[in-house]
Every structure is written in C-alpha cells, then in structure tokens.
Amino acid sequence: MKLYCLSGHPTLPCNVLKFKSTTIMLDCGLDTTSVLQFLPLPLVHSPRLSKLPGWVSKDGTINLEKKELLDLSTIDVILISNYHCMMALPYITEHTGFTGTVYATEPTLQIGRLLMEELVNFMERVPKAQSATCWKYKEIQRLLPGPLKDAVEVSTWKRCYSMQDVNSALSKVQLVGYSQKVELFGAVQVTPLSSGYSLGSSNWIIQSHYEKVSYVSGSSLLTTHPQPMDQSSLKNSDVLILTGLTQMPTANPDGMLGDFCSNLAMTIRAGGNVLVPCYSSGVIYDLLECLYQFIENANLGSTPFYFISPVANSSLEFSQIFAEWLCHNKQSKVYLPEPPFPHAELIQTNKLKHYPSIHGDFSSEFRQPCVVFTGHPSLRFGDVVHFMELWGKSSLNTIIFTEPDFSYLDALAPYQPLAMKCVYCPIDTRLNFHQVSKLLKEVQPLHVVCPEQYTQPPPAQSHRSDLMLELQPPPMPYRRCSVLGLPFRRRWERIQLLPEVGPVATHLSDLQWGKKVFSQPPIVQVLPLKKMREACNCHHRYTSTMTDKMRKKNPINHIVGFLMNLFANYCGK
Amino acid sequence: MPEIKVTPLGAGQDVGRSCILVSIGGKNIMLDCGMHMGFNDDRRFPDFSYITQQGRLTEFLDCVIISHFHLDHCGALPYMSEMVGYDGPIYMTHPTKAICPILLEDFRKITVDKKGETNFFTSQMIKDCMKKVVPLNLHQTVQVDDELEIKAYYAGHVLGAAMVQIKVGSESVVYTGDYNMTPDRHLGAAWIDKCRPDILISESTYATTIRDSKRCRERDFLKKVHETVERGGKVLIPVFALGRAQELCILLETFWERMNMKAPIYFSTGLTEKANHYYKLFITWTNQKIRKTFVVFATPGMLHAGQSLQIFKKWAGNEKNMIIMPGYCVQGTIGHKILNGQKKLEMENRQTLEVKLQVEYMSFSAHADAKGIMQLIRMAEPRNMLLVHGEAKKMEFLKDKIEQEFTINCFMPANGETTTVITNPSVPVDISLNLLKREMALGGPLPDPKKPRTMHGTLIMKDNSLRLVSPEQALKELGLNEHQLRFTCRVQLQDPHSDPDTLSRIYTHLKSVLKGYTIQHLPDGTVMVESIVIKVSSSAEEPNTKVLLLSWSYQDEDLGSFLSTLLKKGLPSGLSSM
C-alpha cells in the first residue's frame, strides 16, 4: 500500500492511495495563492494599476500543484471531501485520459459547481488582449522579482479551465450519501462520513475486511450549520491520513466573529462602508446568521447588505434545500416548515440583496453606507477589485478579511497606499491542534500520516510547541512529491465458502464426538477441505484402508466418517 | 437451516393498513404501520396482538420502518407506539418525518373532532411518537445494531417515499413500499441496484394494468376537464394534498395557459400551503423539471372525509358536474362506491345522496404497473418474490406471470399468514494471504476471475471464527504433529518375467504414458512416481502372478488412483526390459 503526495499544501491536499490494486485519489485542491504574484484584473480600466512600476502581467494564471508522479489515466476513483478541495477536478479528469469515477455528496457537487462557475466567470468576463507566457522560460524567470523567481515548475502552471471542462468533469461525479457503503471492484469499500466543516463535507473510510484507512480532511467540531462530525466511525483505523487542520491555530472563531460584528458596527455608525471579501458559500452563511441576530440589537436595521457574485442567488437558495445535510437545529426547522437559514428572512425584508455583478440593477439600487460581501478573497479578480478601487481612498471605509486562505498583507499589496481601515478576522472552523490530539486519543489509529507542516511549530512561532502534532508513535510526515509506503501487513483476506461446502462445515460443528475415536472431544477442529465431496463419493474404492462398516451408511455419514479418520490421524490418537 | 419469515398484519391480499412483519437472522422488523380507510372499527388498525397478547411491543421488535407518509402506511403509528407501546427506533426519510405528523394530526381531527370518536390517539401522542423517529437519508447504510443494517432507495411515488433494504449478514430483504417506475412531472422514477435480495416484497396495486402511455392519459384528462368546463359544469378532483396534486396542477396550468382559459382553479386551503413549502424545502427529492408554483385541489383523495367530501355532497346532484378520481380508491370509501357505479349513497344520519354528476376514473396515481413491477424485479434480481398491497385476484395473475418469466418463487400471503423462505447463505471465511497467494501462483500469473477454482487448505474453527490456512500453518498453530495418511493398493498382474524385469517394464511403460512427471527407478527395487511408491512381489507357487503394491499419500490421491486404474489394465506387450 502506497501513498503518493501530489500537493504540499496542507489544507488543499491531493494524495493518491494505492490499495489492493485500486488507485484512489483523495481530493484535488487547487492552490490559487500564486495569483497573489500577479496584478488584479480590474473590471474597468484603471490607470493607476496599469501605471504601476515593476512586473506587469495581467495573466490570470493558476498554479496547479501536480507533478507527474503517476499517470492520471490510471486513477480509478477520486474521493472528494469538500467543495474547496475539488477545484482542480477539471485539470485531472479532462484531457488526461482519466476514465474513472468521482464520488462526492450532493451539496459538495452543487456548491463546488457554483464555485467553479464563479471562478470561470471572474476570469472570462475580463478577457485579456494578450497573455504573457514568455516569462515562463527559465532565463527570463531568473530575472523576475520576488517569489516568482523562485517558483518551481512554472511551465506546469495552467490557464483557468472553461465552463465546458467544468461540465464535463462534473458529469463524472457519482453522488453518495453519508454512511453509504460503496464497493469498488469488490476489493475495497469506501464510505463518506460527516466531517462537520461545510455543507456535505465528508471524511472517507477506505477499507477492506482487515485493513482500514481513514482520510480526515477539513473537519470541524464547532457547532455551525453543517451536520456534526461523525467521530466514532473513525475508530480502529490502521492508518489515519490527517489533512486540512485550521490555518489559524491561534485565532478563536467565536472571538473573530465578535470582532467582525463590532468592527462592522463601528464603521457603519461612522458613515463608512464595509467590504467583506469572501467565498460565496460556507462561512458567509454563518456571518449572515450572526448579523441577523446582531443588527437588531445594534440598531443597524436600515443598513443594506449586498451579496455580489455571479452565483449569489444560487448559493443562498441551495443552502436552504439541503436540510438532510444540516445540523439538528436547522433540520427541525424544515419540519415546521420554515427555511433553515435566517437569511431567507433577511432577503424577504429586503435587508439583504443579492446581485450577479456590479453591473445592471446593482448600480441603480446601491445605497451607502452599506456592507458588501463579494469575491474573490485574493483581491485579484472578481467584483471586489472594483470596490477596492472605489473605497480604498477613504479612511471611513473598512475592509474585513474573514477567509484564511490568503495572506491579507500580500492581498492588499497592489492597492497600497491605502487609506481604508483593514481588519483581519480570519474565521477557520477546522480542527485545531488541541481538538485533533483529543480526537486522535479517542479514535486511536495505529499510524497517522500528515503533511510535514503539522510535525513542527509554525515558522513564525517556533517556540509554540503546542501548535504541532505530538503523537506516539510519531506521525509519518509527507511533503509534495513524496511517496510513502504505508505500514501495513496484510495477513488475512475474506472469502466465501460455497454453500455446497458450507453445510459440511456447519454439520461438523454439530457432531457428537464418539468415545471410540476420541477419548475426549477435541478442542479445535481441523478439517482438510480438498475434494471432500469426491473423497466421499469414491471412498469405497479404498476400503482396504478404511473400515468396511461405512459402506452401509448414508453419504453424509461417509463424509463424517472419512473426516473422522483424518482427525484421528491428525490428532495422533 | 437459516430462514426468513414474512407475515403481513395488513396489506396481505388487500390494499390499506400496510403492516408487514419480517424475521431475518434473529431480528424482527415491522415494515409500515398503516390504517385502513375503509373501516371505522377495530379493523382500521393492524392486529398487533399477533405480536404479543399483552404488554409492550418493544422487546419483540428491533425496529419499525415507514416507507412514506400516506396514512395507509403510517396511520396506525401513534396507536402502535403510544397506545400499544413501542419505544424502539422508527425509521423514515426526512420529508416523511416532516409531513407525516401533519397528516396524522389532520386524520385525528377528522376522526375525533368531526366524528366524535373517543379512545383515539391524541396530539401529544403524535408528538411523542415522532420523537422516536430517526431520519434516514437515501443510500445511507444505517446500522440499527451490530448485525442489522438498513438502506433506503428512492421510490418516486410521493415526496420522500423510499424502498428499504434490510440486511443481516448475507441475508437480505427489500421492501418497496409504494413506488413508480416512470418519472413524472414532479418526481423521478424508483431505482435500486442489483442487490439480489433473498425476498423482494413489492406492492401490486396495479398488478394487472399496463397503463397506456402517459401522453394519452394526460390528453384524455385535459379533454374531459375542458368539455365539462365548456358546458358550464364544475370539476372536482379529490387528491392527496401531497403527491398527485402537484403533478396534475402543473399539467392543468400549462393547458390553461395554452388554451387561454379563464375558468378559475380553486384548491382547498389548509394543508396545501404547507405542502407547497415542503416541496420547496425538499426539492432535492423531486424531479429536475419541477416548477416553483403549485395549485392543489381538495384533499383527501378517496373521498372518505374532509373537504373533498363536503364539495362532493354539494355538487353531486348536478349532472353537468364531473368528478375525476385520479387514483386508487380503497374498498368501503365513497370513492370506491361511486367508481363502481353506485347511484345512491348512504351518508351519515341515514341520509341518502343521489349521484348525478359524471364520474371518471383516471389512473394517475404513481404506483408501478405490471410492467414496472417486472422492471424492478429485473433490476434487483431477487431470489424470491412476495406480493402485498393489492387485490388477491390481480395478485394471482401477476404471481403466475412472475413465476413464468423469472422462474423464482412468488408468494402472496394473506393477513396473518406466514411465508417462510429458506435461505442458503454462503459462509464467510478468513483466508491467510500467504495461502491465497500461493494458490493463486499455482494457476499462473493471471487467474480467471470468472471461473471458480478448488483450492487446498485447512479450515480452523475456533472461538466462533472460521479461518482457512495452509496445513503446515494449522499444524504449527495448534501444536500438532503431522501424520501421514497413505493409501495402499494391491494390483494383480499376469507377467511371465522376473520381479526386477516386471518392475523395469512398468518403469518403461509409465515413462511413456506419464510425460512431465518425475519417475525414478530406485536401486532398492522400487519405482517412484512423484511420491508414489510401486513395488513388485510374487509368491513362489505362482511366479507369473505378480502383486504390485502401490502406496501414495493423501495429497497425491489423484495420481495414485489414476496409476492403480492404469496398472489394473495390465502392461502392453512388446515392452523391452532394460
């Protein structure tokens, strides 16, 4: 059993597990942090941005963290744990000869589709007259500034996929439900379990009769909107692959939510606008729910909230129809019947409005001061670029970062100097080190495999030994491109005895052991299976070595008699 | 022998009060717990005293599963759990869990408040009963206990309807509840994988009908409505609030638009508004093409109570009016009576009602027809078939057809009658990987996965586990000495040569016959074929009668028996002795 690690990013994993001649890809996250090295894609021409000195490229390139460690066409199945971890799917399933199946839950598929649609939309609505590729040559890359110079294998960086690729990739998805047992080629069984992180997010159990691998990716023990994490099913794993821990181990999500609300209220009261760059699904539902309770108390009832994204409407609607995948509280609302999320009421009372983009209705209905939720959190593309240009110059306005995926300082770099206030409230509900060590104590896997980042404290806080995994035996670390042999000793396999042989075996266990053969009943029963039936049928041919008495008995007795003789020999009586 | 027992308490050769008991692998499961619309007395509910004469049912049942929210499948649930007494888990899908208590409450109101019955379950009982419900997701494998697992499949029929697979070890039963095999405007078609259950328990409401194409039926329906409205009549369509209503409404709405008709479509309120909410919140259960708005007609569907009956009473006297019964009607209901052409109805308080309006029947109800049932059998490939939820005569017909086409047993037990099916489960055994690899290597590098092969191993039964290991390992593990079992055989031959000559003649003969075997002529006067020893002896009195002594170990029994047969035939002449 081998594990091929294709991604070094701990929260956007991509591993391939070879197990009983089945090749299983676990997640395919798309690391988009490389876009931070490029200039933003403005929706309207910005003289300021185009006059910036230094390297100018408007190439919306995305870094694809894949190395040709193995042939993608040999992959049998891809298991998706949550919608953030499937963004590279079209790169894997399209134009690679991939013929396998992708397994994901329904919310993961639907919301993943939305996020991909949004990404494609962001890229395609600002077409570039030319795209630079020459910089990828080694001689030129060497001369480039900053992190670009050191980036490895830029030649494998790819352009964003098209909607056609997305549709084709998603057509290969087979829907599964939590705790559904899916048989792969009769060799392995895979089961998704609720992971508590987002709508339809799952951990996976990959098991045969004697081996069990748990794949834990992006799990949460906090009470937010999704169904709580299923921990007990992870017990008795031989190997537990642990990825997707919190990226903000020192930030408490509840505290951050409080900061978020108080900063928002402060800015609005002072007459400023609030900009929240965020993904269009996930934490935004919790933010809206929190604000729903907050605005009444804080007297902000008249402030408009805008959610701008090509998929804003679908995202808000989808959240309401996946009752089966929600936490108990929200589920019981559906029985009333009421929509599970309170943002339905915000929309109904016109407090929350959503628009596909800043063009069209939004420009005429837009009132300030207001709160705007929009993407992309990298501030490099999407409608957020426009708001940065619009509001960046005023110190009344505030930008509040809630997504932990991008460094906010890097994200803001091209917009400097900036007068607007910046507040960093990263909300990452995934497991922290304290929770994970408690979890591991409970489920007790024999071995833990994790990204090497988790085996040492973060570089910036090297004294914090509590921000790493300390386990006995120590976890097996992996980095990008490593191939790990998993410590398995397969010794047993499950087979089915044919019913024709079965009855003999069951019959035997009922046997009354006569005193003539054994002085006492045997403790164990040993029975050679080879050709028992033939032996029975032909045994009279060898009566010279067998007792003649059996000849008159019925066939089943012959078998028993025959076997008893063997026992006598085996047991030395 | 292991067996599975199925006993219908209701819906055995009947439609209504579905309640089927299944005993499988030592577990007892109740499938559905419905009421009969046609009765108002004790016969309304299944006879739970069959399970136990006194006391609660909890210790006799491992779980209760409800397939969908129609009252003939869940109407007796509060009675069973709260009045008879059952505290174990009750499984149903999310939409069923949401809608079921509303229908139960509605049913309770009609019975208690309108008809004034006492000794009926209360609102609190419905609430308490619903607290015992565990929601099921589609395709989720739910472990009821260590051995019993259940899994729900999509059944179409109504919002949240499910088929369930019940599995203990390698034995399994599938219960379909009500289902339909053709997708319609608001729900998809039922689907199940090739799970090969020991018994498939299927409904058979439309066992003998093979419904004409949907389009024809729809056109017919629209034509009838149109004609009636044109001549100034009114149309009453009693339907269950959640189900056919949505389908027919979408149909009518498009028709109204196309024909530019002005006649208003009214629908009785109450349940309906909520119903539409449910459809929105559980949209993942519906067909892709579902529309956002619905209009709903009068409920309930069999004209046994409620608003549909009130309207019917008012309109019955006018021959211009029409009533379209879009679904099945249970015996005893007014719906059933007027469909059978009864022109005078006895109502409460001895009043009679004359029926003058036109009565039309259209099979729009989402049940599987004969074709659909056969299709499901093809999908699931059951070993036995059991029919419920249908009329005896029609079942008989379908039973013959199934037995003919699939050559499997088909049962149709009546209420209280037990069907026993003997199963033949295979025995799971753990095999040592070493042994498996060794045996695989014997058959060449790539074994044919489709062909079974015999293999040689030793089965150890210990502590309730069965393990197959190599004989050497078994001996080692159990601390036993290996004992050889040898077969010895005497073959008499007429051969006028000296003993050593006969032996070398045998050697030559075997060499020519058994190519590819190790054959040795040993100096101590024996011939060895692999491990088989052959000796020659003769007595002084009859020097020409040679006695060949063959001896082989148990493992070489194939070769040994072949050799003995071969040598019995004698040696061919013309063999040179070396």
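# Two chains, strand by strand

In strand 27 of chain B, B:L548 is the bridge partner of B:V536. That pairing belongs to a predicted model, and it's a handy way into chain B, which has 15 helices and 27 strands. Chain A comes to 18 helices and 22 strands. Here's a tour of both, grouped by topic.

**Around strand 27 of chain B**

- Strand 26 (residues 532-538) of chain B runs antiparallel to strand 27 of chain B, and six bridges hold the pair together.
- To get from strand 26 to strand 27 of chain B, the chain makes a hairpin through six residues.
- Strand 23 (residues 486-494) of chain B also pairs with strand 27 of chain B, in the antiparallel sense and over nine bridges.
- One of the residue pairs here is B:F487 with B:W552, the latter sitting in strand 27 of chain B.
- How much of strand 27 (residues 545-553) of chain B is buried? Eight of its nine residues are, so the strand is largely enclosed by the rest of the structure.

**Nonpolar cores**

- The largest nonpolar core has 93 residues, and the members touching the most others are B:M30, B:L31, B:F48, B:I201 and B:I402.
- Leaving aside residues up to four places away in sequence, B:M30 touches a set that includes B:C19, B:I20, B:L21, B:F48 and B:I51. Also among its contacts are B:L61, B:C63, B:V64, B:I65 and B:M80.
- Another core lies apart from that one: it has 77 residues, among them A:I78, A:C278, A:L287 and A:F381.
- As background, nonpolar side chains in soluble globular proteins tend to be buried together.

**The seven-strand sheet in chain A**

- Chain A has an open sheet of seven strands in the order 6-5-4-3-2-1-20, and the pairing is mixed.
- The edges are strand 6 (173-176) and strand 20 (483-485) of chain A, each of which pairs on one side only.
- From one strand to the next, the twist averages 25 degrees.
- Strand 1 (residues 2-5) of chain A runs antiparallel to strand 20 of chain A, with three bridges between them. Within that pair, A:L3 has A:L484 of strand 20 as its bridge partner.
- Helix 3 (residues 106-124) of chain A packs on the sheet, where it touches strand 5 (101-105) and strand 6 of chain A. The direction of helix 3 makes about 100 degrees with that of strand 5 of chain A.

- Which residues of helix 13 (residues 384-391) of chain A are buried? They are A:V384, A:V385, A:F387, A:M388 and A:W391.
- Looking down the axis of helix 13 of chain A, the buried residues fall within an arc of 165 degrees, so they line one face of the helix.
- The general rule is that an α-helix has 3.6 residues a turn, so residues three or four places apart point the same way.
- The buried residues of helix 13 pack against several elements of chain A, including strand 12 (274-277), strand 13 (305-308) and helix 12 (361-365). Strand 15 (371-374), strand 16 (398-401) and helix 14 (408-412) of chain A are also among those packing partners.
- An unreviewed UniProt entry places the feature "domain: Beta-Casp" at residues 284-412 of chain A.
- Over residues 284-412, chain A is 43% helix and 12% strand, with the end C-alpha atoms 21 Å apart.

- A:G375 and A:H376 are joined by a cis peptide bond, with omega about 10 degrees. A:H376 is in the loop between strand 15 and helix 13 of chain A.
- There's also a cis peptide bond from A:Q416 to A:P417, where omega is near -5 degrees. A:P417 belongs to the loop between helix 14 and strand 17 (421-424) of chain A.
- A:S179 isn't a glycine, yet its phi is positive, near 60 degrees. Look for A:S179 in the loop between strand 6 and strand 7 (182-184) of chain A.
- B:T407 is another non-glycine residue with a positive phi, near 45 degrees. B:T407 lies in the loop between helix 11 (392-406) and strand 18 (409-411) of chain B.
- Are these two buried or exposed? A:S179 is buried, with a relative accessible area of 17%, whereas B:T407 is exposed, at 70%.

**Whole-chain numbers**

- In chain A, 57% of the 573 residues count as buried.
- In chain B, buried residues make up 54% of 578.
- Taking contacts in chain A between residues at least 6 apart in sequence, 74% join residues at least 24 apart.
- For chain B, residues 24 or more positions apart account for 70% of the contacts with a separation of 6 or more.

Notes: Residues numbered from 1 in each chain as written. Chains lettered and ligands numbered in written order. Predicted model: local features only at pLDDT ≥ 70, side-chain atom pairs only at ≥ 80, totals over all residues. Heavy atoms only, no water. Core = buried A, V, L, I, M, F, W, Y, C linked by side-chain atoms within 4.5 Å. Buried < 20%, exposed > 50% of the residue type's maximum accessible area, 1.4 Å probe, protein only. Contact = heavy atoms within 4.5 Å. Helix = DSSP H or I, 4+ residues; strand = E, 2+ residues; numbered from the N terminus. Arc of directions from axis to C-beta. Pairing = 2+ DSSP bridges. Axes fitted to C-alpha atoms, helices over the stretch in contact; angles between N-to-C directions. UniProt positions renumbered as here; feature names shortened; annotations may be inferred.
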